[in-house]
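Trainee: I have a structure I'd like to go through with you, and I want to know what each term stands for as we go.

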Amino acid sequence: QVQLVESGGGLVQPGGSLRLSCSASGRIFSIYNMGWYRQAPGKQRELVATTTTGGSLIYADSVKGRFTISRDNSKNTVYLQMNSLKLEDTAVYYCNGVPISWGWGQGTQVTVSS
């Protein structure tokens, strides 16, 4: 059973940056497409960034040009570099396979506020 642990969230002002990390244990995740999802208060969870096994990077329009997803298969870890953060990026961020492959971790809270 894969366990996902997200970290790196926090409180940041608009225009600021954060780097999220997600470590996966229990299985080699290099064979999976991996993604970052987020859920804002009162909204459905949405997929914002994907890194495929073939090396493709796919972004939701709302984060394109500001967020960068990467992965280190040797560490079973996926990252999300978030720059130029906006108020509407406030959410709990989760990682998982794409499509969703395992149970959810606890997520990491990102709050963008002035």
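Mentor: Let's start with the term pocket: on a 1 Å grid over the protein atoms alone, it is an open set of points where a 1.4 Å probe fits, with protein on both sides within 12 Å along at least five of seven lines, and a lining residue has an atom within 4 Å of a point. This is a predicted model, in which local features need pLDDT of at least 70 and side-chain atom pairs count only at pLDDT 80 or more, while totals for chains, interfaces and linings use all residues. Residues are numbered from 1 along each chain as its sequence is written, and side-chain values use heavy atoms, with hydrogens and water left out.

Trainee: OK, so which residues lie nearest the centre of the largest pocket?

Mentor: Arg-38, Ala-40, Lys-43, Glu-46 and Glu-88 do, out of a lining of 13 residues. The volume of this pocket is about 170 Å³, taken as the space filled by probe spheres set on the points, with grid points joined across faces, edges and corners.

Trainee: And how many of the lining residues are charged?

Mentor: Seven are charged, four are polar and two are nonpolar, where Asp, Glu, Lys and Arg count as charged, Ala, Val, Leu, Ile, Met, Phe, Trp, Tyr, Cys and Pro as nonpolar, and the others, Gly among them, as polar.

Trainee: How many bridges hold β4 and β5 together?

Mentor: Five, in the antiparallel sense, between residues 34-39 of β4 and residues 46-51 of β5; Gly-35 has Thr-50 in β5 as its bridge partner.

Trainee: Staying with Thr-50, is it buried or exposed?

Mentor: Thr-50 is buried at 5% relative accessibility; buried means under 20% relative accessible area, exposed over 50% and partly exposed in between, with a 1.4 Å probe and protein chains only. Setting aside residues up to four places away in sequence, Thr-50 touches Met-34, Gly-35, Ser-56, Leu-57, Ile-58, Ile-69 and Val-98, where contact means heavy atoms within 4.5 Å.

Trainee: What about the sheet with four strands, which ones are at its edges?

Mentor: The order in that open, antiparallel sheet is β1-β3-β8-β7, and the edge strands β1 (3-7) and β7 (67-72) each pair on one side only. Its twist averages 15° from one strand to the next. Strand β3 (residues 18-25) is joined to β1 by five antiparallel bridges and pairs with β8 (residues 77-82), also antiparallel, over six bridges. Ser-21 in β3 stands opposite Ser-7 and also opposite Tyr-79 in β8, while Arg-19 has Gln-81 in β8 as its bridge partner.

Trainee: Where is the cis peptide bond?

Mentor: It runs from Val-98 to Pro-99, with omega near 0°, and Pro-99 is in the loop between β9 (91-97) and β10 (108-112). Most residues other than glycine have a negative phi, and most peptide bonds are trans.

Trainee: Then what is the phi of Asn-76?

Mentor: Asn-76 has a positive phi of about 50°; this residue sits in the loop between β7 and β8 and is buried, with a relative accessible area of 15%. Ser-84 also has a positive phi of about 50°, but Ser-84 is in the loop between β8 and β9 and is partly exposed, at 41%.

Note on methods. Two strands pair if DSSP finds at least two bridges between them. Helices (H or I, at least four residues) and strands (E, at least two) are DSSP runs, numbered from the N terminus. Axes are lines fitted to C-alpha atoms, for helices over the stretch in contact, and angles run from 0 to 180 degrees between N-to-C directions.
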